[in-house]
Amino acid sequence: MITLENYLRTASRVVALVALAGLLGLAMMTTLDVVMRWLFKAPIQGVNDVSSVVMAVVIAACLPANFAFRQNITVTLLGSACGPKVSANLNVFASLITMIFAGLMAWAFVPYAISTWESGAQTWVLRMPLWPFWVAAAVFVILAALAQLVVLLSDLVVLARGGARLADAEEPTAL
């Protein structure tokens, strides 16, 4: 399980870094558009087209790392107060709810991506097809659901051990 978790974390980290590069490119394009508007009264055509589809992909690409590194907001007060067994049960419950949410997102993204391809939907100004961006976003959301599945399985293993986690030396490291 640790090897699978480590592989998943590495893959999700790479995807998140690519997303960061996309976000940086989008920020540079937006900055250039603002400068062009200010200096020359000539905006870059299609910045809104590109930013809307790139932002969807960037956000979806960050989800796998968020799930794989357990970066969700958690409240551990009750689990800490009641001991490792209760804490493990609460972690499994939280992982299950997150897994259901991730699965529902994937279930919604895939048909939407398919519909953009079938309809031939395009951006308003540049007339770029939307389907490649939404297919990429759907793939990243599916990867996020798979990442959460691995987290859920890991939490189930901890629960089966009575709430005992692996030794720190064996535990996968975060960023």
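The axes of helix 4 and helix 5 come within 8 Å and cross at roughly 160°. Axes here are lines fitted to C-alpha atoms, for helices over the stretch in contact, and angles run from 0 to 180 degrees between N-to-C directions. Helix 4 is therefore roughly antiparallel to helix 5; angles under 35 degrees count as roughly parallel, over 145 as roughly antiparallel, 65 to 115 as roughly perpendicular and the rest as oblique. The crossing of helix 4 and helix 5 is left-handed. A crossing is called left-handed if the near helix is turned anticlockwise from the far one by less than a right angle, and right-handed if clockwise. The contact of helix 4 with helix 5 is made of 26 nonpolar, seven polar and two charged residues. In this count Ala, Val, Leu, Ile, Met, Phe, Trp, Tyr, Cys and Pro are nonpolar, Asp, Glu, Lys and Arg are charged, and the others, Gly among them, are polar.

The model is a predicted one, in which local features need pLDDT of at least 70 and side-chain atom pairs count only at pLDDT 80 or more, while totals for chains, interfaces and linings use all residues. Residues are numbered from 1 along each chain as its sequence is written, and side-chain values use heavy atoms, with hydrogens and water left out. Helices (H or I, at least four residues) and strands (E, at least two) are DSSP runs, numbered from the N terminus.

The structure holds two aromatic pairs. Rings of Phe, Tyr and Trp (its six-membered ring) pair if their centres lie within 6.5 Å; planes under 30 degrees apart count as stacked, over 60 as edge-to-face and the rest as tilted. The ring centres of Phe109 and Trp134 are 5.9 Å apart and the planes stand at 55°, so this pair is tilted. Phe109 is in helix 4 (residues 84–119) and Trp134 in helix 5, 25 residues apart, and the pair links these distant parts of the chain. The pair of Tyr112 and Trp134 is edge-to-face, with 5.0 Å from centre to centre and 85° between the planes. Tyr112 lies in helix 4 and Trp134 in helix 5, so this pair ties together parts that are 22 residues apart in sequence. Ring pairs link Phe109, Tyr112 and Trp134 into a cluster.

Helix 5 (residues 131–160) has 30 residues, which at 1.5 Å a residue should span 44 Å; its end C-alpha atoms are 43 Å apart, which agrees. The expected span is 1.5 Å times one less than the number of residues. Just after helix 5, Gly162 has a positive phi of about 80°.

Asn91 lies in helix 4. The C-alpha atoms of Asn91 and Leu152 are separated by 8.4 Å, although the two residues are 61 residues apart along the chain.

**Helix 1 and helix 2**

Helix 1 (residues 2–40) and helix 2 (residues 47–68) pack at an angle of about 155°, with their axes 8 Å apart. Helix 1 is therefore roughly antiparallel to helix 2. The crossing of helix 1 and helix 2 is left-handed.

**Loops**

Lys41 is found in the loop between helix 1 and helix 2. Phi of Lys41 is near 55°, a positive value in a residue other than glycine. Gly46 is also in the loop between helix 1 and helix 2. The C-alpha atoms of Gly46 and Ala144 are separated by 30 Å, and the two are 98 residues apart along the chain.

Arg127 belongs to the loop between helix 4 and helix 5. Phi of Arg127 is near 55°, again a positive value in a residue other than glycine. Pro129 is found in the loop between helix 4 and helix 5. Pro129 and Leu17 are 112 residues apart in sequence and 25 Å apart in space, C-alpha to C-alpha.

**Accessibility**

Buried means under 20% relative accessible area, exposed over 50%, and partly exposed in between (1.4 Å probe, protein chains only).

| Residue | Relative accessible area | Class |
|---|---|---|
| Gly46 | 8% | buried |
| Phe109 | 24% | partly exposed |
| Asn91 | 29% | partly exposed |
| Pro129 | 39% | partly exposed |
| Tyr112 | 41% | partly exposed |
| Arg127 | 51% | exposed |
| Lys41 | 69% | exposed |
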